[in-house]
Amino acid sequence: MTPNMDFSREEFAAAVTEHGPRMYRAARSVLDSDADAQDAVSQAVLQAWQSLDRLRDREAVRPWLVKIAVNCAYALRRRQKRVVYLDDLPQEPAAPPPAQYDGLWEAVCALPPDRRTAVTLFYYETMTVDEIARLLGVPQGTVKSRLARARAQLKEMLQEQEGDYEQI
């Protein structure tokens, strides 16, 4: 497979370096472990390199790379259809944002996968509802309802956390 000649090897590497954290967060929002998210991103980088000739708009490299990462994460998740033992669950949330958001990030990580992915892409990756809908292959209304339900759930979770702190 020959890569897109509009992108040099160095430019592709720079794009992956720049958007790698976004790819990781998007993959991690689908998967339950850091290692699986890293595997999905590695697979996504390989697939992106092999299909670079399909990228028509250089300005669309960020959503293109993120979409490939999400697709690889979903593929990995499908392959892993197995029983998850409590000992296998991650003990800490992955790649937390700055310290002032620790409680919020932990709450986001506790959301169901479909809501967690929507929140991560919308708030952390600043993608639009339309971009998320296209990336996930769902209607815009589905993205909006996932975001609304996630916000309500996060509000409830964070109020419970605040109540826990008040009792101390």
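This note goes through the structure point by point, from the chain as a whole to single residues.

1. **The model and its fold.** The structure is a predicted model, and what is said below should be read with that in mind. The chain has seven helices and zero strands, and, followed from the N terminus, its elements run α-α-α-α-α-α-α.

2. **Surface and interior.** Of the 168 residues in the chain, 37% are buried. The chain exposes about 10,300 Å², and carbon and sulfur atoms supply 51% of that area.

3. **His19 in helix H1.** Is His19 buried or exposed? His19, which lies in helix H1, has a relative accessible area of 7%, and it counts as buried because the cut-off for that class is under 20%. Leaving aside residues up to four places away in sequence, His19 touches Val61, Arg62 and Leu65; helix H3 covers residues 61–79. His19 and Glu125 are 106 residues apart in sequence, while their C-alpha atoms are 10.0 Å apart in space.

4. **Ala13 in helix H1.** Ala13 also has its place in helix H1, but at 38% relative accessibility this residue counts as partly exposed. The C-alpha atoms of Ala13 and Trp49 are separated by 9.5 Å, although the two residues stand 36 residues apart along the chain.

5. Which residues line the largest cavity? They are Arg25, Arg28, Ser29, Trp105, Cys109, Arg116 and Thr120. The elements that give two or more residues to this lining are helix H1 (9–30), helix H4 (102–109) and H5, and H1 gives the most, with three residues. Sorted by class, the lining of the largest cavity has two nonpolar, two polar and three charged residues.

6. **The second largest pocket.** About 200 Å³ of space lies in the second largest pocket. Its lining is made up of Leu55, Ala60, Pro63, Trp64, Lys67, Met127, Glu131, Arg134 and Leu135, and the elements that give two or more residues to it are helix H3 (61–79) and H6. How do the residues of this lining divide by class, and how many are polar? Six are nonpolar, three are charged and none is polar.

7. **An aromatic pair.** A pair of aromatic rings is described by the distance of the centres and the angle of the planes. The structure holds two aromatic pairs. Phe122 and Tyr123 form an aromatic pair with 4.8 Å from centre to centre and 85° between the planes, and this pair counts as edge-to-face because its angle is over 60 degrees. Phe122 is partly exposed, with a relative accessible area of 26%, and Tyr123 is likewise partly exposed, with 42%. Both residue numbers fall within helix H5, which runs over 113–124.

8. Where does Thr126 lie? It lies in the loop between helix H5 (113–124) and helix H6 (129–136). Most residues other than glycine have a negative phi.

9. **Asp130 in helix H6.** Asp130 lies in helix H6, and at 32% relative accessibility it counts as partly exposed. Asp130 and Gly141 are eleven residues apart in sequence, and the distance between them in space, C-alpha to C-alpha, is 9.6 Å.

Technical notes: Residues are numbered from 1 along each chain as its sequence is written. This is a predicted model: local features need pLDDT of at least 70, side-chain atom pairs count only at pLDDT 80 or more; totals for chains, interfaces and linings use all residues. Side-chain values use heavy atoms; hydrogens and water are left out. Rings of Phe, Tyr and Trp (its six-membered ring) pair if their centres lie within 6.5 Å; planes under 30 degrees apart count as stacked, over 60 as edge-to-face and the rest as tilted. Buried means under 20% relative accessible area, exposed over 50%, partly exposed in between (1.4 Å probe, protein chains only). Helices (H or I, at least four residues) and strands (E, at least two) are DSSP runs, numbered from the N terminus. On a 1 Å grid over the protein atoms alone, a cavity is a set of points where a 1.4 Å probe fits but cannot get out, and a pocket is an open set with protein on both sides within 12 Å along at least five of seven lines; lining residues have an atom within 4 Å of a point. Ala, Val, Leu, Ile, Met, Phe, Trp, Tyr, Cys and Pro count as nonpolar, Asp, Glu, Lys and Arg as charged, and the others, Gly among them, as polar. Grid points are joined across faces, edges and corners, and a volume is the space filled by probe spheres set on the points. Accessible areas come from the Shrake-Rupley method with a 1.4 Å probe; for residues, only the protein chains shown count as cover. Contact means heavy atoms within 4.5 Å.
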